[in-house]
Amino acid sequence: MDFKTIIDPKARSATACAVVGMFEGGELTSAGAEIDAALGGQLRKLQTGGDFAAKLGDVFMIAQATGARAARVLLVGLGTKGHFNRKQYRKAVQAAAQALAKSGAPDAIVYLALDAHPDLDEHYRARIVAEVFCAQRYKVPDLKTAPKPKAPRLSTVSVAAADAKSARAAERGLVIGAALGSGMALSRDLGNLPPNVCTPTYMGTRALQLGKEWPSIKVKVLKEPELRALKMGSLLAVAKGSTEPPRLIVCEYRGTDKHVAPICLVGKGITFDSGGISLKDPGAMDEMKFDMSGAASVLGTLRTVAELGLAVNLVGIVATCENMPAGNAVKPADIVKTMSGQTVEVLNTDAEGRLILCDAITYSRRFKPAAVIDIATLTGACIVALGNHFSGLMSNNEALAAELESAGIRADDRSWRLPIGDEYVEQLKSNFADLANIGGREGGACTAASFLWKFAKDLNWAHLDVAGTAWLSGSQKGSTGRPVPLLVDFLLHRAQA
Ligand code: BES
Ligand code: MN
Ligand code: ZN
């Protein structure tokens, strides 16, 4: 898909489809009013005649827009004007993208970004257009044998800007939105692939491919002997019960001076979490193929950052293995020695995420990072606490937490701060080792994060628990690509600082 910017405040350009908005009550956006005049008042008549209520997300396609320069006009409902902001704008763009995909239009001009809205500058208005149209075009890598439906005809989307200055901001927004689209597509593909395809080995292969595609990313894939040499006893213990060998994937992206301390992103890459000997209920066990979503978001973010050539140094560290039951699997009461030297009593083999992440966090220290952010589908408890809307955010650094929180707001990929601390570490006491790997049902997301905190003590560290946000269940089952938007926005701001 091609994205372009044009300067056209009066909606006078020739196009296969002009996209304009209307608020409930009939008020048109600026371009909408221009087009309505050209169409002899047709748009307003749709509203007064009761054919278009202009509820948020309503669409009406005028396929023969006689009188206008556009061949078609797509009218999009914006809901009540008083309630219109970032979220409503995104919904309206989503509705437009859906309607355009079903239409025969090969190109379109979106005029929705012309008008100023509270907390939506030109840059974000254009960026959301590119991001949403990319997401609309995303196809799950399915293995269905029926012939694939024809690709939609739409191939070019232009965003109208009022003047040259707005056009420049919109241009950058489109570039970022499209790069975000391709990073999210990578992240979603990895999540959606079945676990017999997306194994730790496959994750390594995809990372190496990414490094081939983007020479700014140097990729190393460490195998078992190297993990043993590094003394990653905890990661190796989780991997033990599987016939699929584990990997530690290290991707170094250099976007600025080599003396600038990097940001480390650490991803949980459990390609299937059966629970191990502490086996899970079969109910939704298939969804545990998504337990590598944190890892997928690290690779997706790297792709976007490389595509944009952001002026940051970034290290992606992915710890990836399967969690399976077997005769030689790690079992409750086993004590493992982590890379940090601390010992852990494994009381529940299903609390495996923290066991692989603690070693990956310890490994990150060699990069002398400015900040370490781990991303993990870590706990069901986080879903109980926050549902599917907010990722859990824990941190030992107020400034870093605030940065991540606002990045999520700007990117519509929100997180909510949850506590960590000694109170929770207390729950992780073991009679036989330095720490136990579980701390009771209450506050499960916080005890899990506090476990990681013990390995990140003197680092600037944050943890994103994306158990509720990385994928959708039910008829919509599939990866969401979150939290790539949050991470990219965070890095965009770091790059400007
Ligand atoms: N991958 C799961 C967390 C999870 C569960 C994410 C359901 C999304 C949906 C994780 O490895 C896990 O099993 N956590 C346990 C921890 C418990 C044993 C302390 C959990 O949340 O039940
Ligand atoms: Mn588990
Ligand atoms: Zn897990």
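**Exercise 1. State the volume of the largest cavity and identify the residues that line it.**

*Solution.* Step 1. The largest cavity has a volume of about 30 Å³. The structure is a predicted model, and it holds 1 cavity of 30 Å³ or more.

Step 1. The lining of the largest cavity consists of R90, Y124, R127, I128, E131, L180, R410 and A411.

Step 2. Helix α4 spans residues 122-137. With 4 residues, α4 gives the most to the lining of the largest cavity.

**Exercise 2. Describe the second largest pocket: its volume, its lining residues and the elements that contribute to the lining.**

Step 1. Two or more lining residues come from each of β9 (263-273), α10 (353-364), α11 (380-386), α14 (444-456) and β18 (471-472).

Step 2. The element that gives the most to this lining is α11, with 5 residues.

**Exercise 3. Determine which strands pair with β4, and decide whether the residues of β4 are buried or exposed.**

*Solution.* Step 1. Strand β2 and strand β4 are joined by 5 bridges in the parallel sense. Within this pairing, V20 has L75 of β4 as its bridge partner.

Step 1. Strand β3 (residues 59-62) also pairs with β4, here in the antiparallel sense and over 4 bridges. I62 has V73 of β4 as its bridge partner.

Step 2. In a regular strand, side chains alternate between the two faces of the sheet. In β4, V73, L75 and G77 point one way, while L74 and V76 point the other way.

Step 3. A residue counts as buried when its relative accessible area is under 20%. Because 5 of the 5 residues of β4 (residues 73-77) are buried, this strand is largely enclosed by the rest of the structure.

**Exercise 4. List the protein donors of the zinc ion (ligand 3) and classify the geometry of its site.**

*Solution.* Step 1. The protein donors are K268 (NZ), D273 (OD), D291 (OD) and E352 (OE), at 2.0 to 2.4 Å from the zinc ion (ligand 3).

Step 1. Along the sequence these donor residues follow the spacing K-x4-D-x17-D-x60-E.

Step 2. For six octahedral donors, the ideal angles at a metal are 90 or 180 degrees. The 6 donor atoms of the zinc ion (ligand 3) make angles of 78 to 174°, and the site is octahedral.

Step 3. D273 belongs to strand β9, whereas E352 is in the loop between β12 (343-345) and α10, so this pair ties together parts that are 79 residues apart in sequence.

**Exercise 5. Identify the residues that coordinate the manganese ion (ligand 2), state the residue that bridges it to the zinc ion (ligand 3), and classify D273 as buried or exposed.**

*Solution.* Step 1. The manganese ion (ligand 2) is coordinated at 2.1 to 2.3 Å by D273 (OD), D350 (O), D350 (OD) and E352 (OE).

Step 1. The spacing of these donors along the chain is D-x76-D-x1-E.

Step 2. The 6 donor atoms of the manganese ion (ligand 2) make angles of 69 to 168°, and the site is irregular.

Step 3. The manganese ion (ligand 2) and the zinc ion (ligand 3) lie 3.2 Å apart, and D273 bridges them.

Step 4. D273 counts as buried because its relative accessibility is 3%. E352 is likewise buried, with a relative accessible area of 1%. D350, at 22% relative accessibility, counts as partly exposed.

Technical notes: Residues numbered from 1 in each chain as written. Chains lettered and ligands numbered in written order. Predicted model: local features only at pLDDT ≥ 70, side-chain atom pairs only at ≥ 80, totals over all residues. Heavy atoms only, no water. Donors = N, O, S within 2.8 Å, 3.2 Å for Na, K, Ca; no water. Tetrahedral: all angles 85-135°; square planar, octahedral: opposite > 155°, others 65-115°. Buried < 20%, exposed > 50% of the residue type's maximum accessible area, 1.4 Å probe, protein only. Right-handed = clockwise from strand over helix to strand, strands pointing away. 1 Å grid on protein atoms, 1.4 Å probe; cavity = no way out; pocket = protein on both sides within 12 Å on 5 of 7 lines; lining within 4 Å. Points joined across faces, edges and corners; volume = space filled by probe spheres on them. Pairing = 2+ DSSP bridges.
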